[in-house]
Amino acid sequence: MTPRRLAVLMMSSFVLVIAVCGPWLSAVDPNTPVAGPFEPSSGAHPLGTDVLGRDTLARVLDGGRALIMQAAVATMLGSVIGLTVGLGAALTRRRTVARFAVLGVDAIAVFPAILLLLVLAAGLPGGGAAVVAASVVVSVPFSVRVIRECTTAIIATEHARSAWARGDALMVRLRHDVLPALAPAALAEAGIRFVAAVQLAATAGFLGLGASAPAANWGRMVQENSAGITVNPLPVLVPATLLVLLAVGVTFLLDHITGPLLGERDRVGPDLVGVTR
Amino acid sequence: MTVIVEVRGLTVTAADGTAVLNAVDLDVVRGRVTGLVGPSGSGKTTLALCLLGHLGRGLRRTAGAVEVAGADPFLPAVRRRLRGRVTGYLPQDPLGALDPRRSVAAQLGTAARIARPQEDRAARRARVEQAAHDAALDLALLRRYPGQLSGGQAQRAVLAWTLVTQPELIVLDEPTSGLDAGTAYRIGRRFSTLPWQPAVLMISHDVALVDDVADVTHSMRNGRLSIAGRGIGAPMASAPARRSATGDRMTALSFEDVTVRHGPLCILRNVSGRVGAGEMVGIRGASGSGKTSLARALCGLAPPATGRLLVRGMPVSWDAVARVRAGEPYVAYVGQDARAALNPRETVRRAIARSLVAAARQGRARATWSVEEIAERFALAPELLDRTPDRLSGGQRHRAALARAVAAVPTALVCDESTASLDRDTESRVLDSLDGLRRDGTAVLLITHSDRVATRTDRILTIHQGHLR
């Protein structure tokens, strides 16, 4: 591993650790005012205070977990639905069923994410459920499309077709022919959806949706504290930076973990003949 | 006499420490054709890839040096400079080397542009046409896409691609495995008369062809190289006599009025035929005559435009999946491109085991069969069973695909050039196994270009201009 890769790896793991373990690490109550608003960093408050005079560090440590949890749950639910519908649409021999399933999913895709989020937040009681539901609904069409296209290509390969022709059971074909070949695409796609779900969760916080007012949330911190950015920029800059690092880091970690696991194989192909380079 | 390739003491070992190449010395000289023969899996392709500076997965070079045109191809910068300009390579599974989304002409044009960027369009076109001519590729085929080419045509298209850059070194891995004897000789002879006098390294199992074409022939055995004498292609002493066809055999498979079209092209026109239970029938015909199209149709992989198929006297669907659902008999296809036929993530053992399970599930199983026994029938050594296809040689892959098909206990077995990349001993062992199947009542159809294979069949059907005789 090159030093640069190691550095990026360390950084992205660090952000994840802060987000997940943060609430346990903070000694100060994130919702109690401790000083005047927008005080600069000092020994007692390393990142200063925010708009209501609360400790910024405590709020940063407290505000990531909900975000990540919402995104993770939304990604997992989206993957389950995407894999089920996508694989089903590609594998079924009933063309009409497949077409209507994909049409139905496409119909959902026309709704803007924010609109869905606002409607769902109005309907569902406060908390993360509305954010999770909106993320799932928004991302499922994407997932279904990708999974279906990949699966269609995989089952058209010569070895998958011969397995079908000789009468392998559906589960056997899924386990040996389809899923191993689908895994890289499915994981990459899940990674993108995770990043999108984090963004949506942060947007929800910024708009004041989701968990109600005093709870910390990196997205909401950016919004709350932007008024005082000239006095103490840290309550805006730190959560904003963490959001960016989280998005970059998750996709990087995913590549790093799944790459060697799936085994990139070198094949003797057109490359040796000399056209691609 | 210029030496283009100089290999000295080259030793390549696999991950488990066994030597794939053992202290190999080789010179390939300008204007000469150097032949390389040897049993399946003896390291021929590994040596060819070393000339391109490439080692297969899990292989390591432990000693020795390779020089191509005075430079070491294992250095990345040199490798980039050599590939596609100084060296041309024809891989064993040619269909995989072509981009399915571009026509042959477009791909040849790209190769010509990379090798000689300063040339204008007309000169490039002339160069492409000359290369197609040298590779005995009909100019009308240049407009086609790889999916519309037969196995032999794809092989010649990649050969034209190799020739279009006029490389100083041409490495050919089984260049004629998909070609009929006439075309194979025509192409083979041309290598020694190419105007820019390249050094040619030709790997082949067609000993007679190598004998005829090559100026010097090396023989590879267990990773060791030795000079082979002339006359190695003498006919086998005890070729089994052809059995006379008996007419009263029960019909295993018969097809009537089969017409196959590829777009506007009519490949087969109202062909009919039958194969008896326990009969081995050969199908022959020039490259591109529609042998594979017929085979794939019979196996339910590419339904024909019209026609009727009967297996054991019962009408059967043209779609393989519909056959499985209706519990109809299984007609197995063993394809020409063994690399595509095998799952790249699956070991040979698992591939065969899955096939046995599938047969049991469909109620066809033979209780006594085990993975090891089937592998042994096709001369697959036990240590090969736990390898994935990318760690097998071309011939081993073909045998793995055959073993997998046989393990599924088909009613009829269609083999498309399955023995074309095997040496003679292995070939005869594989044919013996197929003969054993035939005796047990399986109908066997062999598509082949080889006279030696054809003599082992009960009778021959020939496809010529869309008709079957």
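A crossing of two helices is left-handed if the near helix is turned anticlockwise from the far one by less than a right angle, and right-handed if clockwise. By that rule, helix 11 of chain B and helix 13 of chain B cross in the right-handed sense. The model discussed here is predicted.

**Helix packing in chain B**

The axes of helix 11 of chain B and helix 13 (residues 394-407) of chain B are 7 Å apart, and the angle between them is about 20°. Angles under 35 degrees count as roughly parallel, and helix 11 of chain B and helix 13 of chain B are therefore roughly parallel to each other. On the helix 11 side of chain B, the contact is formed by V348(B), A351(B), I352(B), S355(B), L356(B) and A359(B). Helix 13 of chain B contributes A400(B), A403(B), R404(B) and A407(B). Sorted by class, the residues of this contact of helix 11 of chain B with helix 13 of chain B are eight nonpolar, one polar and one charged.

Chain A has 11 helices and zero strands. The order of elements from its N terminus is accordingly written α-α-α-α-α-α-α-α-α-α-α. Along the principal axes, the C-alpha atoms of chain A fill a box of roughly 75 × 50 × 35 Å. Of the 277 residues in chain A, 41% are buried. Among contacts in chain A with a separation of 6 or more, 67% are between residues 24 or more positions apart.

One helix pair of chain A is helix 3 (residues 65-91) with helix 8 (residues 170-206), which pack at an angle of about 140° with their axes 8 Å apart. This angle makes helix 3 of chain A oblique to helix 8 of chain A. The crossing of helix 3 of chain A with helix 8 of chain A is right-handed. From helix 3 of chain A, the residues in the contact are L67(A), Q70(A), A71(A), A74(A), T75(A), G78(A), S79(A) and L83(A). They meet A186(A), A190(A), R193(A), F194(A), A197(A), V198(A), A201(A) and A202(A) of helix 8 of chain A. The contact of helix 3 of chain A with helix 8 of chain A comprises 11 nonpolar residues, four polar and one charged.

**Domains**

Chain A is divided into domain 1 (1-64 + 216-277) and domain 2 (69-212). For chain B, the assignment gives domain 1 (3-228) and domain 2 (251-468).

| Domain pair | Distance between C-alpha centres |
|---|---|
| Domain 1 and domain 2 of chain A | 26 Å |
| Domain 1 and domain 2 of chain B | 29 Å |

In chain A, 14 residues of domain 1 are in contact with 16 residues of domain 2. Helix 9 (218-225) and helix 10 (234-262) of chain A each supply at least two residues of the side of domain 1 of chain A that touches domain 2 of chain A. Helix 10 of chain A gives the most to this side, with eight residues. The side of domain 1 of chain A that touches domain 2 of chain A has eight nonpolar, five polar and one charged residue.

In chain B, 26 residues of domain 1 are in contact with 25 residues of domain 2. On the side of domain 1 of chain B that touches domain 2 of chain B, helix 5 and helix 6 (181-191) of chain B each supply at least two residues. The largest share of this side, three residues, comes from helix 5 of chain B. By class, this side of domain 1 of chain B has five nonpolar, 17 polar and four charged residues.

**Interface between the chains**

Between the chains, 43 residues of chain B are in contact with 27 residues of chain A. At least two residues of the side of chain B that touches chain A come from each of helix 3 (104-115), helix 5 (151-164), helix 9 (320-326), strand 15 (331-334), helix 10 (338-341) and helix 11 (348-361) of chain B. Helix 11 of chain B gives the most to this side, with four residues. The residues of the side of chain B that touches chain A are 23 nonpolar, 10 polar and 10 charged.

**A loop residue**

R85(B) sits in the loop between helix 2 (76-82) and strand 5 (87-90) of chain B. R85(B) counts as partly exposed because it has 18 C-beta neighbours inside 10 Å. The C-alpha atom of R85(B) is separated by 17 Å from that of A123(B), and the two residues are 38 residues apart along the chain.

Conventions: Residues numbered from 1 in each chain as written. Chains lettered and ligands numbered in written order. Predicted model: local features only at pLDDT ≥ 70, side-chain atom pairs only at ≥ 80, totals over all residues. Buried ≥ 20, exposed ≤ 12 C-beta atoms within 10 Å, placed from the backbone. Contact = placed C-beta atoms within 7 Å. Nonpolar A, V, L, I, M, F, W, Y, C, P; charged D, E, K, R; others polar. Domains from an automatic or database assignment. Axes fitted to C-alpha atoms, helices over the stretch in contact; angles between N-to-C directions. Parallel < 35°, antiparallel > 145°, perpendicular 65-115°, else oblique.
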